[in-house]
Amino acid sequence: MTYDDDTEEVELYSSSRERQAYDDQATLYAIILATEHLERAYARDAITQQEYVQECNKLISQFRLAEKAALSKLNMTTEKFMQLYQMDCPRATERLLNMGVPEPIRSGESADVAVTVAETVQHFITAMDAVKLESRFVDELQPLLSDLMDSLTRLPETAPNDWSPNHKVKKWLQKLNSMRAVDEIDEEDSRQLYLDLDSAYSEFTRYLKRNK
């Protein structure tokens, strides 16, 4: 078989904006596929409930951001996206589009605490992802940290004012509340905010291990 040297190479994109659009769609595709694999692994008892809940909450939060980034300008639903790319992922569809929470949160014991834990995980990941994606306006960050603070204060067996995660989030809320909605935090503050959220999340995961 011979090839024509004059054959043109077809490029998927012609600009950085188009490339970003393809990258966003690839991220959404990967998250849906990862959720399908996670659900199958949990159904086979290949992972523990704690591992499942933490990973599932992470994927659910990432899915919400990826869905908005990939599809908001395409006038396309996630169902249409999955049909377009022939994604046979019924478990991911149920978890991400229909339920929105991990399986044990709906049917496990201590449902109220489980829901609060799930919400806290989601709020942490959503806030950290927003900072990582360079969201710096007060009206973008303040609601995320406010939701996180609300869920942190509802966790049992924690001191609302003395527990490190609460203290760090409260400090940033006070700073943001003293600014105007249209104001932005600078790059140094953005990096510090992410570091503080990451540290608070690590302390939160240690709390989960102590109370499992």
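The crossing of H2 and H4 is right-handed, where right-handed says that the near helix is turned clockwise from the far one by less than a right angle, and left-handed that it is turned anticlockwise. Helices here are DSSP runs of H or I with at least four residues, strands are runs of E with at least two, and both are numbered from the N terminus. The two helices pack at about 65°, and their axes are 11 Å apart. Those axes are lines fitted to C-alpha atoms, for helices over the stretch in contact, and the angles run from 0 to 180 degrees between N-to-C directions.

Who does the touching? From H2 we have Tyr52, Cys56, Leu59, Ile60, Phe63 and Glu67, and from H4 we have Arg95, Leu96 and Leu97; contact means heavy atoms within 4.5 Å. Sorted by class, that makes seven nonpolar, no polar and two charged residues. For the classes, Ala, Val, Leu, Ile, Met, Phe, Trp, Tyr, Cys and Pro are nonpolar, Asp, Glu, Lys and Arg are charged, and the others, Gly among them, are polar.

Please keep in mind that this is a predicted model, in which local features need pLDDT of at least 70 and side-chain atom pairs count only at pLDDT 80 or more, while totals for chains, interfaces and linings use all residues. Residues are numbered from 1 along each chain as its sequence is written, and side-chain values use heavy atoms, with hydrogens and water left out.

So how confident is the predictor? The mean pLDDT of the protein is 84, and 87% of its residues reach 70 or more; pLDDT is the predictor's confidence in each residue, from 0 to 100. Helix H3, residues 78-84, has the highest confidence at 93, and helix H5, residues 103-107, the lowest, at a mean of 55.

Stepping back to the whole fold, the protein has nine helices and zero strands. Of its 212 residues, 37% are buried, meaning under 20% relative accessible area, with exposed over 50% and partly exposed in between, using a 1.4 Å probe and protein chains only. Among contacts between residues at least 6 apart in sequence, 72% join residues at least 24 apart.

Now to the other helix pair. H1 (residues 16-43) and H2 (residues 49-71) have axes that come within 9 Å and cross at roughly 155°. They are therefore roughly antiparallel to each other; that label applies over 145 degrees, with under 35 roughly parallel, 65 to 115 roughly perpendicular and the rest oblique. H1 passes H2 in a left-handed crossing. The contact includes Asp24, Leu28 and Ile32 of H1, and Phe63, Ala69 and Ala70 of H2. Its residues divide into 14 nonpolar, five polar and four charged.

Is aspartate 24 buried or exposed? Aspartate 24 is buried, at 18% relative accessible area, and it touches Ala69 and Ala70, not counting residues up to four places away in sequence.

Next, cysteine 89, in the loop between H3 and helix H4 (90-99). Cysteine 89 counts as buried because its relative accessibility is 4%. Leaving aside neighbours within four places in sequence, cysteine 89 contacts Ile32, Leu33, Glu36 and Met82. The C-alpha atoms of cysteine 89 and isoleucine 32 are separated by 7.5 Å, though the two are 57 residues apart along the chain.

Last stop: serine 135, in the loop between helix H6 (111-132) and helix H7 (138-153). Serine 135 is buried too, at 19%.
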